[in-house]
Structures are given as structure tokens and as C-alpha cells.
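Work through the exercises below with the sequence and the model open. Each task is followed by a solution in steps.

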Amino acid sequence: INAEYMGLKLNGGLGTSMGLEKAKSLLKVKGEDTFLDFIAKQILHLKKVHNHPLKFMLMNSFSTSDDTKQYLSKYAEFSNDPNLELLQHKAPKVNAATLEPASWAPNADLEWCPPGHGDLFAALSGSGRLDQLLADGVEYLFVSNSDNLGATLDLRILTFFAQSKAPMLMEVCERTEADKKGGHLAQTSEGLILRESAQCPKEDEPAFQDITKHRFFNTNNLWFHLPALKQVMDSFGGILPLPLIRNSKTVDPRDASSTAVYQLETAMGAAIASLSGSQALVVPRLRFAPVKTCTDLFVLRSDAYVVTEDLRLVVDPELTAAPVVELDSKLYKLVDKLETLTPLGVPSLKGCSRLKVSGPVKFSANVVIEGEVEISNAAAEVLEVKGNLKDQKLS
């Protein structure tokens, strides 16, 4: 491919649902390496292998900007790049009772939130970055989540996208029972649309979750043809029309008793309905390994996931699928609580098909889980798990 291309990682999330107060990408994933380490090393690897001065950007939020830039300063290639950061806008949280901007005296910073990754288009346009990229000859932009280390800039997909002449390409995976509550791709008479669970009426939930009817979900690995994006945005007065999503939260994510608020967001993938002629490409699960919960992190840190030569994190090729893990949601929903479960490291899950943990538990060093294992502890005192467990129930 002769055209210029670049990668962008969405890095605005704090991981508040996991109890974090800093960039989620600063979580350690394998050994001492964080998501940001993997992202940096992936980019450097691509530059070296393809002998290409690959441009790269991070879309940070006001909450993640300082931490991220400080952390990446250890990489000379990124610390001196004035164009590394694209900053998201911020929006006021809305008081659910009054529908006015929420106020929170204990910490005024919590009155604000990022407006979702759909803000990418407004941020690119409003900052002048879109015009600058086009002036620099950049035609193609690959965007993915910073917590998805399976998503790298794949030149085979870029070549397919360029030859398709589509304005946008969405990577999708086939839905399974585990994905049924997430958003999915749908077809209307006018083309493709993205439907998010927050947009689904209660009475439509059974149909929404029918994986035989709606077979594909959005990985949020998206490719854009920037000249086409610019043309459509100009036709709408410099914006891209996207449906608004209303998320119900509390003003302090760590305090369930704090004021109920709405966070108004847009989804980047919803652009598929605004960019006529957009296409979807079914990709293998290898390109989708996100971390949305502490359970996801637990599995990713285990030996069920391996690091590839090009520094992606994928399910061990010797396994048919990742193990199904269910951690006690009351005890291990937050990262600091997960650390109490695995103070000496995550057990080996390479031979595990299913693991369920209930009650206060602590894994010793070098624990091996095989087959289907259930660990339950009804007592208040922590149960310490040692050695090898295979196809058994421990209580």
C-alpha cells in the first residue's frame, strides 16, 4: 500500500467499574508490563518490521492525560512527540433527579466525565488534527481500545480496506452466549447500524440478545478513510451525527450511595450509519481480548494467554478456548480486592476449562487449576488454596 496510515488508541477510560482512579492502561497485565508498555512495544515492533515511520496517537481524557504522558516518558520515541496526544472533551454529569449539571462538593472533578469514544470525531476536527493529518498525507486511521491488546495495525486488513474504497471498516466477531448482552451490528434498509444495549428497550431484550438473529458484535477495532470522513463531517457542518447514549451511574463511582447521575455519551462505532457504504469484516477472536472486568484481568494475567512475537496477547494456541472464570462479584469486582485473591500471582489456568470462586479466598504461589474446579468458602476467614486442583469442588 502506498498511502500513509496511522494508529490511534482510545485511552480515555479510568476503569471506574473496576475501582480505578487512574488510567486503566496503567494496570499491569503480564509481569511488570502494563497495557501502555504493550502498546508502545507493539508500535515500535511494527516500525521495525515494516521499516515505516508509523504515526501513532493516543486519545486521552482529562483524567488520563497526565498519568499517561508521564508513564510513556520512559520511551524516547514517544516522550518527544508533540502530536502523541489527542485530548477528549469533557461533559458535565447530569443529576438524574433534576436533569441539571451534577454538583459534588467532596470532589468537584467528579462532576465531569468524558463523553464516550464517539467524541473522537469532534476532537479530531475541533483540535485541527484532522486537517493536519490530511495535509501530511495520512489517508487511513486505525482505531482500537487501549485495553484490547489483540488489536494491532494489520497491513492485510488495511490493504483489504483500501481496495474496498469504503469510508469505514468495522471489525466484528461472531457472537456467543457470553456476548449476548453486548452491542451488535444490525442491517436496515439504509445500511449497517450499531445497536448498544443501553439503547435497547426492555421489551426488545430477548430479540436483542438472540445470537442467531444478530450474529456479530463490534470489536471497536475500526478503520477510517480520512478524506471520506472529512467530506461527510463537512456536509454536516463539521460534526458527525451520532445517537446519544444515556448511562446511569453515581457521581462518585466508588460510592454507590452518592448522587444518581446520567452520563451522556456517544459510541464511535455508531458512525457506521453516518458513513454511507461502510463495511464490516469478520475477524477471529485473536483480535479481541479486552479487559472490562477483574475476571477478564485475572484470566489475561494467567498462562491461558501468551505473548506473540509481534507482542499481542492471545489465548494460547494449544487451547481451544479461554477458560470460563466466575469470580465472586461482591468480593472481587475491584482491582485492589483482586490483588488480595492473587498476592503471589494468578494460578495456572492453561488446563482449566471452568473455574468458579465464591467467598474469601487466597491463592498460594504456583497453584495449578485443571478441568472444572469450584472453590467456595462460606466462612469469614480467608481460605488459602495450595497445590494442584483438578475436576473438584473445594470448600
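Two strands count as paired if DSSP finds at least two bridges between them. Helices (H or I, at least four residues) and strands (E, at least two) are DSSP runs, numbered from the N terminus. The model is predicted: local features need pLDDT of at least 70, side-chain atom pairs count only at pLDDT 80 or more, and totals for chains, interfaces and linings use all residues. Residues are numbered from 1 along each chain as its sequence is written, and side-chain values use heavy atoms, with hydrogens and water left out.

**Exercise 1.** Find the strand order of the open sheet of three strands and state which strands stand at its edges.

Step 1. The order is β7-β15-β14, and the pairing is antiparallel.
Step 2. β7 (94–95) and β14 (245–250) each have a single partner strand, so one side of each is left without a neighbour in the sheet.
Step 3. Six bridges join β14 to β15 (residues 260–265). In this pair, N247 stands opposite Q263 of β15.

**Exercise 2.** Sort residues of helix α8 (residues 226–235) into buried and exposed, and state what the buried ones pack against.

Step 1. Buried means under 20% relative accessible area, exposed over 50%, partly exposed in between (1.4 Å probe, protein chains only).
Step 2. L226, A228, L229, V232 and M233 are buried. Seen down the axis of α8, these fall within an arc of 160 degrees, so they line one face of the helix; the arc is that of the directions from the helix axis to the C-beta atoms.
Step 3. Q231 and S235, on the other side of α8, are exposed.
Step 4. The buried residues pack against α4 (120–126), α5 (129–135), β9 (138–145) and β13 (216–225), where contact means heavy atoms within 4.5 Å.

**Exercise 3.** Where is D391, and is D391 buried or exposed?

Step 1. D391 is found in strand β24.
Step 2. D391 is exposed, with a relative accessible area of 52%.
Step 3. Its phi is positive, about 45 degrees, although D391 is not a glycine.
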